[in-house]
Amino acid sequence: MAERTRLPAVQQPDWGTELAAVVAELRRRPALVTPSSCYSLQRELAAVAAGAALVIQAGDCAERFTDTMAGKLDLLTALADQVEVATGVPVVRVGRFAGQYAKPRSESTETTAHGPLPVYRGDAVNSPDEHPEARVADARRLLAAYDHSATALDALFLRDLLPPFGGTDHPHSVTYASHEALLLDYEHALVREDDLQGGDYGSSGHLLWIGERTRAVDGAHIAFAEAITNPVGVKIGPDATAADVATLVTRLAHGHAPGRLSLITRLGPRLGQTLPRLLDELGPLARDVLWLCDPLHGNNLRNRHGQKTRVVDDVVAEVAACCAVLRDHGLALAGLHLETTPEPVVECVGSAPDLDRRLDHYTTVCDARLNAEQAAVVVATALDAGWG
Ligand code: PEP
Ligand code: MN
């Protein structure tokens, strides 16, 4: 299993000659997360499948090696607490962090002030600085990604061991880590024996998801997700066919405990046409997965100044529509998947007329993130739409 398959793997960087030594080093390193912590998340997700809990999965689009964890943990906690207080239902807390260092990209080059350059693919691959050497894929960055994940996970464990002073009257909840399993050399090098359930697990994070650009059913990423025991997710965009989604359910969910597979819809304005059709065609298979809504990745826009952004009105419309379509099909929204930052940025805007404005509190190196206030609005919309 630890070997890469020969299936096609898209979105992989052109690593130089150092890759083999880096992979050998990663294989010698300790697991970043234990099988029992992945299993504990699996149990919490089984409760979600039974309708006894909900999920918030939130964090950066692209984490930076320079990031610190406290603010991200506070924001995830605040969003989950908002849902628990409103619904009285426990919320499973899954960060998009402690390993979210690699990005799939739509284009392989971009135009910059310094001419065309290869795109930034996340701190695990290259640097966003605008000069040619910065954009070269450097396999040694995979070792740095491991080190930064380890440090970030320490912050998570410490917080779970020593909850913030003052506490609360509800039981303290554990926070889990998730990221997109994109770089297969890295993910395979961190596969370890699952001595709890048997088989192998991905030790780079508790929940690993496969993105919209890499979810081909005959590709190497889905084969990877199939071969590990962790809870897994797959992003579902508007071009997903019901046949492919049915294959994903059969291969990734069946034979596992309930809650093993989350389908994370990111359908944007096409949700109204695509989700009802998908659910109709899936029939009873739709009951074998958790349905999470990512209301951001189908709503990417550029403003008049060329900045990548998203309109909160579009985001809340997608959340409300997703809740309604699932309910019409006798299904429940299990959770929200959000790109958020605790930084005081304005990268997403409130409504369409704001697309005229240049955004100057804008620091993202990839997609536009909701700030804490905007994320709370999106969560409130889901609650108003009857979520939970
Ligand atoms: C992401 O989650 O940052 C991402 C690239 O999403 P998707 O695969 O849905 O496009
Ligand atoms: Mn993103």
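Visitor: Which residues of α4 do V22, E25 and L26 in α1 meet?
Guide: In this predicted model, a contact requires C-beta atoms, placed from the backbone, within 7 Å. Helices here are DSSP runs of H or I with at least four residues, and strands are runs of E with at least two, numbered from the N terminus. On the α4 side, the partners of V22, E25 and L26 in α1 are R140, L142, L143 and Y146.

Visitor: Are α1 and α4 roughly parallel or oblique to each other?
Guide: Helix α1 (residues 19-28) packs on helix α4 (residues 140-161) with axes 8 Å apart, at an angle of about 25 degrees. Axes are lines fitted to C-alpha atoms over the stretch in contact, with angles from 0 to 180 degrees between N-to-C directions. Angles under 35 degrees count as roughly parallel, over 145 as roughly antiparallel, 65 to 115 as roughly perpendicular and the rest as oblique. The orientation of α1 and α4 is therefore roughly parallel.

Visitor: How many residues of the contact of α1 with α4 are charged?
Guide: Ala, Val, Leu, Ile, Met, Phe, Trp, Tyr, Cys and Pro count as nonpolar, Asp, Glu, Lys and Arg as charged, and the others, Gly among them, as polar. In the contact of α1 with α4, five residues are nonpolar, none is polar, and the number charged is two.

Visitor: At what pLDDT do side-chain atom pairs count?
Guide: Residues are numbered from 1 along each chain as its sequence is written, while chains are lettered from A and ligands numbered from 1 in the order in which they are written. In this predicted model, totals for chains, interfaces and linings use all residues, local features need pLDDT of at least 70, and side-chain atom pairs count only at pLDDT 80 or more.

Visitor: Are α8 and α9 roughly parallel or oblique to each other?
Guide: The axes of α8 (residues 271-282) and α9 (residues 312-328) come within 10 Å and cross at roughly 25 degrees. The two helices are therefore roughly parallel. Their contact is made by L271, G272, L275 and P276 of α8 with E318, A321, C322 and V325 of α9. These residues comprise one polar, one charged and six nonpolar, and the orientation of α8 to α9 is roughly parallel.

Visitor: Are α7 and α8 roughly parallel or oblique to each other?
Guide: Helix α7 (residues 242-253) and α8 have axes that come within 9 Å and cross at roughly 55 degrees. The contact joins A242, V245 and A246 of α7 to L278, E281 and L282 of α8, of which five are nonpolar and one is charged. The orientation of α7 to α8 is therefore oblique.

Visitor: What is the bridge partner of L54 in β2?
Guide: A closed barrel of eight strands runs β1-β2-β5-β8-β9-β10-β11-β14 with parallel pairing (strands pair if DSSP finds at least two bridges between them). Neighbouring strands are turned by 25 degrees against each other on average, direction ignored. Five bridges join β1 (residues 54-59) to β2 (residues 91-96). The partner of L54 is V91.

Definitions and conventions: Two residues are in contact if their C-beta atoms, placed from the backbone, lie within 7 Å.
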